[in-house]
Amino acid sequence: MTPTLIVILILCYFLMLLFISHYTGKNDSNADFFRAGRQSPWYLVAFGMIGASLSGVTFISVPGWVGGSQFSYLQVVLGYFAGYLVIAYILLPIYYSMNLTSIYEYLENRFGKVSYRTGAFFFFISRVLGASFRLFLVTIVLQQFVFDAWNVPFEITVCLSILLIWIYTNKGGIKTIVWTDTLQTFFMLLAVGLSIYYINRELGWSFTEFLKSEELTTYNKVLFTDNFYSKSHFLKSFIGGMFITICMTGLDQEMMQKNLSCRNLKEAQKNMITFSLVLILVNFFFLLLGALLFIYAKKANISLPTIDGTAKADLLFPEIAINSGLETTVAITFVLGLIAAAYSSADSSLTSLTTSFCLDFLNINKKPERTRKSVRKKTHLGMGLLLITVVVGFKHVLDKNVIDGLLTVATYTYGPLLGLFTFGIFTQHKIKDHYSWITALSSVALTLLIANIPTEHLGGYQVGYELLPINGIITFFGLWLIRTRPKDKQQTMASKIMKS
């Protein structure tokens, strides 16, 4: 597949997004941009969230994960499901009962303005880094397989990608994204399905024969329970996955903004449960694709692609889809899936960052009505420039599997949010609000120290994604130290939710 054909596909796809944006962004109002008027159909939100949750990281990096870690990622995915249940039946009822637009407004109501800003700050850092991780991976692929052939610098590729996203989200915001995510999810799943079909056909297998093959047994181990000290032990992966979901979805403005655009709590819960079940199946197929890619690469003598002399398993999928001589259909659907992956996460990240910054830091709702739209548009542009800066910076510092890097960063940045929300929901205590930011930063510092303890000092124990709940526990304990006694005996928010 030639770079020219890939660019034509990108332009056609972008025109489809512009068409959707035109009809969903007619009002160009802050109400639609932030909450879609709370009229989003739950089933569209559920389907679109699959693409947003997968993004370019899952689309490319999860298949690459299989070569070194087999199907161990599925342990994390099972933990995700437990986390989604917590979100559906504890967090969503709180958000809807308080009629929130930014979920961090809960912290202001519960503790005070400093805690509110602290929570919003950690989301802001988390989302900037997370969105940049995802966009970086997809941009690197476009760079290697398209723009390098035209001698276009990586920095220009990044600028063009974010400019396109800014254009079609500038008016409709979350109202546009609910619909574009649906299109993007479809193309991502189509790419995976057709890739599995055509690679199996090239190997002379049916799908059933592939599942029964000896070659698959080299990669399909799911449960790792023999060595608790290992980073990939089931219990550590499951617990880590559960808390990653609670934090990266339930305490994340980007993901909750879509849920809060549903008509009511019941529909938002339907969306969450349906989405979580489908997500397990979809991730399983991504892992099957990963195994199939490594099997095919071995049989066809295809080496892992390299960047600056370093082999990158993340690039095996695009290498096989575009350059291995498979059906042109595989290359076309891969490119469409890749573009969808690039946009499905970055567009909602750009919108959620704009929403959070406008509401949580600029207090846009307290500004004169005539200036609110202008403030939102300037902020939207500023968030785009920030993402460009961070993505370009990643090119010079990132050296690991991207999904592993993304989940590692989450353990540090989402821990304080986990501690703040858990303390607020499950205790009656107020805190000395002006100390909350010190508590949060101290928790991150202590977690970083724990993560860097040499394994030999821990008897060979490898610290993994359980760092996230550890970070949350440290924050919780720190808040306990700065607590004040409640003035009444009101029930905790959690007990109220459980009883209702």
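In which loop does Gln70 lie? The residue is found in the loop between H3 and helix H4 (73–97), where helices (H or I, at least four residues) and strands (E, at least two) are DSSP runs numbered from the N terminus. The structure is a predicted model, in which local features need pLDDT of at least 70, side-chain atom pairs count only at pLDDT 80 or more, and totals for chains, interfaces and linings use all residues. Residues are numbered from 1 along each chain as its sequence is written, and side-chain values use heavy atoms, with hydrogens and water left out.

The secondary structure of the protein chain consists of 20 helices and four strands. Its radius of gyration, taken over C-alpha atoms, is 22 Å, close to the 23 Å given for 500 residues by the globule rule, so the chain is as compact as a globular protein of that length. The rule itself is 2.2 Å times the number of residues to the power 0.38. Along the principal axes, the C-alpha trace spans about 70 × 60 × 40 Å. Of the 500 residues, 58% are buried, with buried meaning under 20% relative accessible area, exposed over 50%, and partly exposed in between (1.4 Å probe, protein chains only). The accessible surface of the protein chain amounts to about 19800 Å², and carbon and sulfur atoms contribute 63% of this area; accessible areas come from the Shrake-Rupley method with a 1.4 Å probe, and for residues only the protein chains shown count as cover. Among contacts in the chain with a separation of 6 or more, 86% are between residues 24 or more positions apart, contact meaning heavy atoms within 4.5 Å.

Helix H1 (residues 3–24) packs with helix H7 (residues 154–169) at an angle of about 25°, and the axes are 9 Å apart. Axes are lines fitted to C-alpha atoms, for helices over the stretch in contact, and angles run from 0 to 180 degrees between N-to-C directions. H1 and H7 are therefore roughly parallel to each other; angles under 35 degrees count as roughly parallel, over 145 as roughly antiparallel, 65 to 115 as roughly perpendicular and the rest as oblique. Phe14, Leu17, Leu18 and Ser21 of H1 form the contact with Leu164, Ile167 and Tyr168 of H7. Six of the contact residues are nonpolar, one is polar and none is charged, where Ala, Val, Leu, Ile, Met, Phe, Trp, Tyr, Cys and Pro count as nonpolar, Asp, Glu, Lys and Arg as charged, and the others, Gly among them, as polar.

Individual helix residues were also examined. Phe210, in helix H9 (residues 207–212), is buried at 0% relative accessibility. Beyond residues up to four places away in sequence, Phe210 touches Asn200, Trp205, Leu216, Leu288, Leu292 and Ile295. Glu267 of helix H12 (residues 265–299) is likewise buried, at 16% relative accessibility; apart from neighbours within four places in sequence, Glu267 contacts Ser40, Trp42 and Cys262. Ser69 belongs to helix H3 (residues 42–69) and is partly exposed at 28%. The C-alpha atoms of Ser69 and Lys221 are 8.7 Å apart, although 152 residues separate them along the chain.

Most residues other than glycine have a negative phi. Gln70, which is not a glycine, has a positive phi of about 55° and is partly exposed, with a relative accessible area of 21%. Asn301 also has a positive phi, near 55°. Asn301 lies in the loop between H12 and strand S1 (306–307) and is exposed, at 68% relative accessibility.
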